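Dear colleague,

I am handing over the structure below, and my notes on it come after it. Please read them alongside the coordinates.

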Amino acid sequence: MENKGRLPGLLHRRKAFRNWTAIALAGGLGLSGGATAPRVEAAQAVPLGQVRGVGTLVQNGLRVPLDGGAFPAASGARLETQGGALRVNLLDGSWVQLGPYGAATLEKTPSGLLATVASGLLRFHLPSGVHASFQTERMHAVSEGAQVRDGEILAGPLGSTSVFMTQGSLPVEELGTHRVSVATVASPVDLGAGAAKIRRTPHPAGLAEGDAELPAGAKPVFGADGRSLGYIPKGGGFVSSPGVVPPLSHPIAESKIPSMLPGATPVFDKHGNYLGFVKSGVFNAKLENDPDFTPFIVVGAVVAGVGAGVGSAAAVIRQPSAPPVTPTSP
């Protein structure tokens, strides 16, 4: 009899737990003052689609670390990446992908998606008839009409913005001057007075997960802690692929680490020589006999044959993991 008396309460608690879990998965869990009960209005979060990849999803007070698996994203979601990338497959058939060392916020508005890129490279695919708008510190762009659009928006350091198209065109309004330029496949739009033209890192063909074989001519690069950050391909630039080679036997000597801008990550070769720094999705390379830094877009290495370019099929984006081998001495 005692167990029967407890049954209704037990069922009620199980139902409440299921509801709590559903709200959390939808990105609508709100906690304040140490309370664990969800807010009622959080259950009405507007869904965007599914996010996959390696990074952090921030929505409604939750920070959700992601490592390849799918997770529902709601309007207002913020994407943050370090060495990895995050991709959101939207309910209307479009998708956006935030590259390494970036941050962006996605909102669903009455007229469609609004993507605000704070830093880094945001790739997008918009099917015919899908409305979307993009903005950075420097510009605002609106996609309308029946055109299929594939492209990339880079919000680089110091407010510089670049818009590249691989299919279709996109009108770009520069904030402040309200001047409108049209980005096309043949003519990208670069905004930012005095900013050096940002070069495109050759995109890798892809590495198998756990593969420690670098492409021909590539040079591994490391962080100040001695861990592998990725590599510099033969054509120059930076490919983010954490753990693709063994770590150094010890961290970089403090005397070799220069003062950094806030949010910048210094990059070194296997001998501990300073090569430049990564910030806002851009690798600022300090080349030999070059008094200035040469900026390159940071791209990410992914599983072979997956996500190798704009328009590729939806897939889990994962960074290769380091095999258990002996550290490298600088």
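The notes begin with the conventions, go on to the overall picture and end with the aromatic rings.

This is a predicted model, in which local features need pLDDT of at least 70 and side-chain atom pairs count only at pLDDT 80 or more, while totals for chains, interfaces and linings use all residues. Residues are numbered from 1 along each chain as its sequence is written, and side-chain values use heavy atoms, with hydrogens and water left out.

The protein has 1 helix and 22 strands (DSSP runs, H or I of at least four residues for helices and E of at least two for strands, numbered from the N terminus). Of its 330 residues, 45% are buried, where buried means under 20% relative accessible area with a 1.4 Å probe, protein chains only.

Searching the whole structure gives 4 aromatic pairs (ring centres of Phe, Tyr or Trp, the last by its six-membered ring, within 6.5 Å; planes under 30 degrees apart are stacked, over 60 edge-to-face and the rest tilted). One of them is the tilted pair of Phe-238 and Phe-283, at 5.3 Å centre to centre and 45° between the planes. Phe-238 belongs to strand S18 (residues 238-240) and Phe-283 to strand S21 (residues 282-286), so the pair ties together parts 45 residues apart in sequence. Phe-238 is buried at a relative accessible area of 0%, and Phe-283 is buried at 1%. Together with Tyr-101, Phe-238 and Phe-283 form one aromatic cluster.

Best regards

Note on methods:
Buried means under 20% relative accessible area, exposed over 50%, partly exposed in between (1.4 Å probe, protein chains only).
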